[in-house]
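I opened this entry to write down what I looked up, step by step.

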Amino acid sequence: MATLPVFRWHLAPDGYATRRQLRARNLRPGGQDVAAQLERPRKRGWPPLVAYLYRIDLARPVRPMTPGRWRAHAAMMRARRTCPECRRDAGYVIPTALGTCVTCAYPDEQRAA
């Protein structure tokens with residue numbers, strides 16, 4: 001098993017990019033394996049922060065959103081905004097910590113205001 005080349009933070013050679021850097025160029029890894037990694041040392045014996053790198057020449061263009069994907073995305077976001085208690089669109093993504101919209105989570109505070 002071959003080991004990955006390791007580079008220090010900010011010292012990766014040209015031709016490598018992280019997932020975010022690929023996305024900024026409208027690219028995706030496209031099924032390739034991780035080609036290298038960056039390590040950023042930390043103090044007090046903590047393990048280093050690691051970022052995986054992919055080869056830019058093997059990256060593929062990002063797949064375009066089809067109308068079906070847009071509909072699925074809109075339905076997913078609508079479900080995240082719909083309060084399960086009052087069944088209204090809250091206008092924002094409902095916090096998972098509350099589980100309901102703010103109005104349903106704190107009904108006494110809403111009446112006092």
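My notes on the model follow.

**Ground rules.** I am working from a predicted model, where local features need pLDDT of at least 70, side-chain atom pairs count only at pLDDT 80 or more, and totals for chains, interfaces and linings use all residues. Residues are numbered from 1 along each chain as its sequence is written, and side-chain values use heavy atoms, with hydrogens and water left out.

**Overall shape.** I began with the elements. The protein has four helices and six strands. I took helices (H or I, at least four residues) and strands (E, at least two) as DSSP runs, numbered from the N terminus. Read from the N terminus, the order is β-β-α-β-β-β-β-α-α-α.

Along the principal axes, the C-alpha atoms fill a box of roughly 60 × 45 × 25 Å.

Then I turned to burial and surface. Buried residues account for 18% of the 113. Here buried means under 20% relative accessible area, exposed over 50%, and partly exposed in between (1.4 Å probe, protein chains only). The accessible surface is about 9,100 Å², and 53% of it belongs to carbon and sulfur atoms. Areas come from the Shrake-Rupley method with a 1.4 Å probe; for residues, only the protein chains shown count as cover.

I also looked at contacts (heavy atoms within 4.5 Å). Of those between residues at least 6 apart in sequence, 47% join residues at least 24 apart.

I found 21 positive and 8 negative charges, with mean positions 5 Å apart. Lys and Arg count as positive, Asp and Glu as negative; His and the chain ends are not counted. Each charge is placed at NZ of Lys, CZ of Arg, CG of Asp or CD of Glu.

**The sheet.** What is the strand order in the open sheet? I read β1-β4-β5-β2, four strands with mixed pairing. β1 (6-8) and β2 are the edge strands, each pairing on one side only. Two strands pair if DSSP finds at least two bridges between them. Strands of a sheet pair through backbone hydrogen bonds, either parallel or antiparallel.

I went through the pairs in sheet order.

- β1 and β4 are parallel, with three bridges. F7 stands opposite L38 in β4.
- β4 (residues 36-40) and β5 are antiparallel, joined by five bridges. L38 faces A51 of β5, and Q37 faces Y52.
- β5 (residues 49-55) and β2 (residues 16-17) are antiparallel over two bridges. A17 has Y54 of β5 as its bridge partner.

Setting aside neighbours within four places in sequence, I listed its contacts as G15, Y16, A17, R19, L22, P29, Q32, D33, V34 and A35. Among them is A17, the bridge partner noted above.

**R80.** I moved on to helix α2, where R80 sits. R80 is partly exposed, at 44% relative accessibility. Not counting residues up to four places away in sequence, R80 touches Y92, V93 and I94. The C-alpha atoms of R80 and T103 are 16 Å apart, and these two residues are 23 apart along the chain.

**Positive phi.** I noted two residues other than glycine with a positive phi. H10 has a phi of about 70°. H10 lies in the loop between β1 and β2, and H10 is exposed at 73% relative accessible area. R87 has a phi near 65°. R87 lies in the loop between α2 (67-81) and α3 (102-105). At 62% relative accessibility, R87 is exposed as well.
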